[in-house]
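The sequence and the model come first.

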Amino acid sequence: MDYVILSMTLLAVGIYGLVTKRNLLKVLISIEIIAAAASMNFVAFASMVGGSLGQAFLILALSVDTTLTAIIIALVVVAYRDLGTIDIWALSRLREVRAARRRGKRR
Amino acid sequence: MISYEIVFTVALVVSTFLAVHLEESVHAVASFGFMIILLSGLYFSLGAPFAAVFQLAIGVGTLAVFFLAGEMLASKKEPTQRLRGKLLGVLAAVILSLPSIALSVTPNVQINSKGVPFSEALWGLRGLDVAAQGFVILVISMGVAIILKRRRS
């Protein structure tokens, strides 16, 4: 059993989701997976060395991760309220359409 | 004999992969929940009970938010995925989990140090970080509330 390779596997799965999925919720889950893969190393290496400093660092990392999730969820909800979709491609297209409309109004 | 760590590892990779692979948002979030529980169990087996409990507590909160967001934001015409696609995903995940079971890149280092106890590590060594992080979390939660309130008005 090697926890470093396990962590790399989880990282690869997270990057796969981040690159291929268009749903914002899936992208958020992928970010969570990447964060879990990174923070797993704290515990894995701390168990090798001995001591509890790795656990303390993991707790700090998880808190940061959770605040990040809160911010992204808020942005997702705002995007859904404004534009009615959570598809990343549709969101970028809608943004372009809005910018074009604004330019048209100015003229 | 198959050790429980190997079973945990395979299940962890499968649930992680399914959390990304499944098309239905609620199923993906449920799979993500399994991943959190298995990760917590793995931490416990590594001798980090505080990290395991903290991961579980944080994960449950995150899952609740994800479930609500998944139900609220999922489109009515979510594409249905065939059973064959799901099974292929499970198979791919099992194959992905094999390197972590069979290979080893970590050097076998034996360090005979008892280290510091958890309370000393958290409050003695990183106490200032914990306090600062509490402040940061408070500011961020206020910021999120302001974003949502402003948009609603």
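The points below take the interface, then a pocket, then a cavity.

The model is predicted. Chain B and chain A bury about 5400 Å² between them, and 67 residues of chain B are in contact with 55 residues of chain A. A search of the whole structure finds one cavity of 30 Å³ or more.

**Interface of chain B and chain A**

- Carbon and sulfur atoms account for 75% of the area of about 5400 Å² that chain B and chain A bury between them.
- On the side of chain B, the residues that lose the most area to chain A are B:Val20, B:Leu46 and B:Leu73, which together make up 13% of what that side buries.
- Between chain B and chain A the count of salt bridges is zero.
- Seven residue pairs, with both residues at pLDDT 80 or more, are in polar contact across the interface of chain B and chain A.
- Six elements of chain B give two or more residues to the side that touches chain A: helix H1 (4-21), helix H2 (25-45), helix H3 (49-73), helix H4 (83-102), helix H5 (118-125) and helix H6 (127-152).
- The most comes from H3(B), which gives 13 residues to the side of chain B that touches chain A.
- Sorted by class, that side of chain B holds 45 nonpolar, 15 polar and seven charged residues.

**Second largest pocket**

- The second largest pocket holds about 210 Å³ of space.
- Its lining is made of A:Leu83, A:Ile88, A:Leu91, A:Ser92, A:Arg95, A:Arg98, A:Ala99 and A:Arg102.
- Helix H4 (residues 88-106) of chain A supplies the largest share of this lining, with seven residues.
- The lining residues of the second largest pocket comprise four nonpolar, one polar and three charged.

**Largest cavity**

- About 80 Å³ of space lies in the largest cavity.
- The largest cavity is lined by 13 residues, and the closest to its centre are A:Glu32, A:Leu62, A:Asp65, B:Ile36 and B:Gln55.
- Both chains contribute to the lining of the largest cavity: helix H2 (24-49) and helix H3 (53-83) of chain A, along with H2 and H3 of chain B, each supply at least two residues.
- By class, the lining of the largest cavity has six nonpolar, five polar and two charged residues.

How values were computed: Residues numbered from 1 in each chain as written. Chains lettered and ligands numbered in written order. Predicted model: local features only at pLDDT ≥ 70, side-chain atom pairs only at ≥ 80, totals over all residues. Heavy atoms only, no water. Contact = heavy atoms within 4.5 Å. Buried area = accessible area lost by both parts, 1.4 Å probe. Salt bridge = Lys/Arg side-chain N within 4 Å of Asp/Glu carboxyl O. Polar contact = N/O pair within 3.5 Å; in protein donor to acceptor, adjacent residues only side chain to side chain. Helix = DSSP H or I, 4+ residues; strand = E, 2+ residues; numbered from the N terminus. Nonpolar A, V, L, I, M, F, W, Y, C, P; charged D, E, K, R; others polar. 1 Å grid on protein atoms, 1.4 Å probe; cavity = no way out; pocket = protein on both sides within 12 Å on 5 of 7 lines; lining within 4 Å. Points joined across faces, edges and corners; volume = space filled by probe spheres on them.
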